[in-house]
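Colleague: Before we go through the whole model, could you take a close look at one part and then set it in its surroundings?

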Protein chains: 2
Amino acid sequence: MVLMLKFFSEDEFIQILRKHGYKATPQRLTIFEVLKSKDHPSAEEIYEAIKKRFPSISLTTIYQTLHLFSELGIINELGFSDNRSRFDTNTNPHINVICPVCGKISDLEDELVVELWDSLEKKLGKKPIKHRFDVYAICDTCENKIQAGRVRIEVKNI
Amino acid sequence: MVLMLKFFSEDEFIQILRKHGYKATPQRLTIFEVLKSKDHPSAEEIYEAIKKRFPSISLTTIYQTLHLFSELGIINELGFSDNRSRFDTNTNPHINVICPVCGKISDLEDELVVELWDSLEKKLGKKPIKHRFDVYAICDTCENKIQAGRVRIEVKNI
DNA sequence: CACCTAATTTGTAATCAATACAAATTAGGA
DNA sequence: TCCTAATTTGTATTGATTACAAATTAGGTG
């Protein structure tokens with residue numbers, strides 16, 4: 001951990017690619033920039049955002065690049081039961097708080113999570129490779145809509 | 001929490017269905033029994049196991065039933081990036097320790113996880129609905145194969 | 001116990017995110 | 001500037017899951 005996509009400059013990012021033997025293509029750099037600005041985007045959302053800056057880009061490139069970034073450990077792919085992965089740029093120990101109504105994901109950083117993560121090396125006999133901690137709770141926005149009777153509960157990502 | 005599919009008798013299970021207005025069909029009871037005996041099965045694995053006891057069952061029924069059980073809160077659907085959900089019958093606070101090589105999932109019950117779960121109500125301002133904590137670590141079986149040079153690393157569920 | 005009806009099951013067709021593939025393009029070293 | 005392996009692109013395909021409508025059935029009622 002400690003690495004965090006959001007804090008890399010473009011130059012640092014290019015160095016990371018080169019160090020691993022990968023080329024610094026404009027497509028990769030653009031996807032990197034878009035990832036910085038998005039929260040927990042799906043491939044489709046990334047594709048839509050990137051087409052604005054890079055109209056010729058192919059969806060296949062998006063997928064290949066996201067898999068490459070996952071392999072490099074700078075993002076995590078989060079598979080969901082609705083078959084739409086989302087991509088997490090926060091690789092430090094944290095909890096994804098997911099609203100089952102609107103699908104919004106927000107990060108909860110917490111000392112106890114770090115403590116739990118650190119304790120796992122001893123408990124498992126080896127340091128784990130990565131984590132994915134999800135918790136489901138209705139977000140305030142949706143809670144208010146429900147209170148006001150303005151929404152029928154329809155569950156996402158659950 | 002406290003509910004645990006593995007510890008329900010068939011009669012108790014029938015009562016749960018009826019209490020919620022659902023019929024106790026032989027298909028549902030068979031799926032319930034098979035879930036008791038499987039660890040973290042996919043829909044396909046459940047289908048294969050059930051066809052032995054109930055040859056006429058349809059894959060659609062498997063899916064409908066698994067979704068019903070999820071709705072009742074007695075199992076959790078775990079979506080993965082390979083687009084194959086697996087179903088977790090352990091709804092108590094625990095960590096899924098996933099081997100990225102063979103895909104094996106084992107449960108780690110731990111006091112810190114319970115403590116973390118219990119602390120979330122205060123931190124979020126509301127009691128969360130459910131959790132899903134995954135950690136990736138190569139299992140002993142795969143570790144040994146790798147040491148012996150008998151396997152090329154090929155990643156699953158990651 | 002037989003009947004009735006809404007719930008459930010079944011088989012097939014459709015969906016759609018993700019992947020495979022092969023041709024065209026390009027980063028970056030020589 | 002050239003060269004080549006890496007990368008990108010567009011299209012075709014895959015495969016888990018869902019939609020749908022017809023057939024069946026659980027379980028309540030008289």
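This is a predicted model: local features need pLDDT of at least 70, side-chain atom pairs count only at pLDDT 80 or more; totals for chains, interfaces and linings use all residues.

Modeller: Residues are numbered from 1 along each chain as its sequence is written, chains are lettered from A and ligands numbered from 1 in the order in which they are written, and side-chain values use heavy atoms, with hydrogens and water left out.

A:N83 has a relative accessibility of 47% and so counts as partly exposed, the class between buried (under 20% relative accessible area) and exposed (over 50%), with a 1.4 Å probe and protein chains only. A:N83 sits in the loop that joins β1 (76–78) to β2 (86–88) of chain A, strands being DSSP runs of E with at least two residues and helices runs of H or I with at least four, numbered from the N terminus. Although A:N83 is not a glycine, its phi is positive, at about 60 degrees. In chain B, B:N83 lies in the loop between β1 (76–78) and β2 (86–88), has a positive phi of about 65 degrees without being a glycine, and is partly exposed at 47% relative accessible area.

From the loops we can turn to the DNA. Around DNA strand C there are 24 residues, of which A:Y63, A:H67, B:T25, B:Q27 and B:T61 come nearest; a residue is near a strand if one of its heavy atoms lies within 4 Å of it. Of the atoms of DNA strand C that come within 4 Å of the protein, 77% belong to sugar and phosphate. Polar contacts (pairs of N or O atoms within 3.5 Å; within protein, one must be able to donate a hydrogen and the other to accept it, and residues adjacent in sequence count only if both atoms are side-chain atoms) include one at 2.5 Å between the side chain of B:T25 and a phosphate oxygen of DNA strand C, and one at 2.8 Å between the side chain of B:Q27 and a sugar or linking oxygen. The elements giving two or more residues to this surface are α4 (59–71) of chain A, together with α2 and α4 (59–71) of chain B.

DNA strand D is likewise surrounded by 24 residues, the closest being A:T25, A:Q27, A:T61, B:Y63 and B:H67, and 76% of its atoms within 4 Å of the protein belong to sugar or phosphate, the rest to bases. Bases are reached by polar side-chain atoms of A:T60, at 3.3 Å from a base oxygen, and of B:T60, at 3.2 Å from a base nitrogen. A polar backbone atom of B:A24 lies 2.8 Å from a phosphate oxygen of DNA strand D.

Lastly, helix α2 (residues 26–37) of chain B also holds B:R28. B:R28 is buried yet has no salt bridge, and the nearest side chain of opposite charge, B:E71, is 9.2 Å away; a salt bridge needs a side-chain nitrogen of Lys or Arg within 4 Å of a carboxyl oxygen of Asp or Glu, and Lys and Arg count as positive, Asp and Glu as negative, with His and the chain ends not counted. The side chain of B:R28 does reach the backbone oxygen of B:K23, at 2.7 Å.
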